[in-house]
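Reader: Hi! Please pick out one part of this model and walk me through it closely, with every cut-off spelled out as you go.

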Amino acid sequence: MIQTIDLRSDTVTKPTPEMLQAMFAAPVGDDVYGEDPTVNALEAKAAAMFGLEAGLFCPSGTMTNQIAIKVHTQPLTEVICDVTAHIHQYEGGGIAFNAAASTALVHGERGKMLPQQVEANIRPLDNVHFPETRLVALENSCNKGGGSFYTLEEIAAISQVCKRHRLALHLDGARVFNALAASGDAAKDYGLYFDSISVCLSKGLGAPVGSVLLGSQDFIKRARRVRKVLGGGMRQAGFLAAAGIYALDNHLERLHEDHRRAKELEQALLQTNYVAYVMPVETNIVIFKLNERTTDAAFIQALAKYNIIASSFGPQMIRFVTHLDITEEMHQHLLQVLASLGKEKVKA
């Protein structure tokens, strides 16, 4: 029997046996004192990969994003981001709570802002009615954009706007390695454009916990203080960091598998009679809208009969996310189920 196929997110992955072995074998120390050798190795490794000076290991991508925003901004300042951005939609209002900053929301295309949109949202410095624009934040890949991604060329164009206006540029890289796998761009080139980068290890890379915040030595020194205040100072965190090192060494190339399967799901869904449209699939996220005869609740219930779990992404909207715990056998079973559901006439 096919085991549960969990398509809700790539955060549901569990460590592989080899990753667990690496975790149990990790040398550890007290990271708050800077004495955990495995944490230090992960931070240095991730920073070098992206061409930046230093890193800071944190429990989550929300924490790395919120720390970055706090360091880059002050009260009465503003962050420019897309209206669908994770930092705005899914981090609990943290920008207001943690940084006392506001957001200028851009209606980009599938989560991606254009340079001219960024420039149009920069506030005039001589008008006291407005907050001071201080930071631009990009998300790569874009979750609510169905896994769309910025290319290095597009990032460079936005970076030029930021440099011209002396603004910091932050990357929420929750799925940055998916974006890099799809674009073919080099991670190291990102350091040319971003002042800070949040790299998540617990999604497509399959680590159980953790993100790394990257930036200059001075930026990370200030970020470390904010992490402490937020309760993110962990002790023998090397057991977790070892999973991140293993993931960076072993799980990057296999992201292409997730992308292939997502693309095959897109094609299968387009052949059904219950799907109105599918967002173009570029990485490992598949977002689609059901036709007016089928509700998202009814569709999810129908999938559950086949031991398949998915997420509602709004009225009549469904999200699938492919990941390393989906085997080829599971994938083929899923394709068969999607084809058969049309014959069953799934209804509200």
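Author: Happy to! A residue is called buried under 20% relative accessible area, exposed over 50%, and partly exposed in between, using a 1.4 Å probe and protein chains only. The model is predicted, so local features need a pLDDT of at least 70 and side-chain atom pairs count only at pLDDT 80 or more, while totals for chains, interfaces and linings use all residues. Numbering runs from 1 along each chain as its sequence is written, and side-chain values use heavy atoms, without hydrogens or water.

Let's look at the salt bridges. Each one is a side-chain nitrogen of Lys or Arg within 4 Å of a carboxyl oxygen of Asp or Glu, and the rule gives 18 of them here. In general, side chains of opposite charge can pair when their charged atoms come close.

Start with a network that links Glu257, Arg260, Arg261, Glu264 and Glu328. Helices (H or I, at least four residues) and strands (E, at least two) are DSSP runs numbered from the N terminus. Within helix H11 (residues 255-270), Arg260 and Glu264 sit four residues apart, about one turn of the helix. An α-helix has 3.6 residues a turn, so residues three or four places apart point the same way. The side chains of Arg260 and Glu264 meet at 3.1 Å, N to O. Arg260 also pairs with Glu328, with the closest N and O atoms 2.9 Å apart. Because Glu328 belongs to helix H13 (residues 328-344) and Arg260 to H11, this second pair ties together parts 68 residues apart in sequence. Arg260 is partly exposed at 34% relative accessible area, as is Glu264 at 28%, and Glu328 is partly exposed too, at 30%.

Glu78 and Arg123 bring their closest N and O atoms to 2.8 Å. They link distant parts of the chain, 45 residues apart: Glu78 is in strand E3 (residues 77-82), and Arg123 is in the loop between helix H6 (115-120) and strand E5 (132-139). Glu78 is buried at 2% relative accessibility, whereas Arg123 is partly exposed at 27%.

Now for the domain boundary. The bounds come from an automatic or database assignment, which gives domain 1 (17-251) and domain 2 (254-342). Their centres, taken over C-alpha atoms, are 29 Å apart. One salt bridge is counted between the two domains. Arg110 and Glu282 form a salt bridge as well, at 2.9 Å between the closest N and O atoms.

Buried area is the accessible area (1.4 Å probe) that two parts lose on being put together, summed over both. For these domains the figure is about 1500 Å², with carbon and sulfur atoms giving 57%. Arg110 returns here: with Asn178 and His251, Arg110 supplies 31% of the area that domain 1 buries against domain 2, more than any other three residues.
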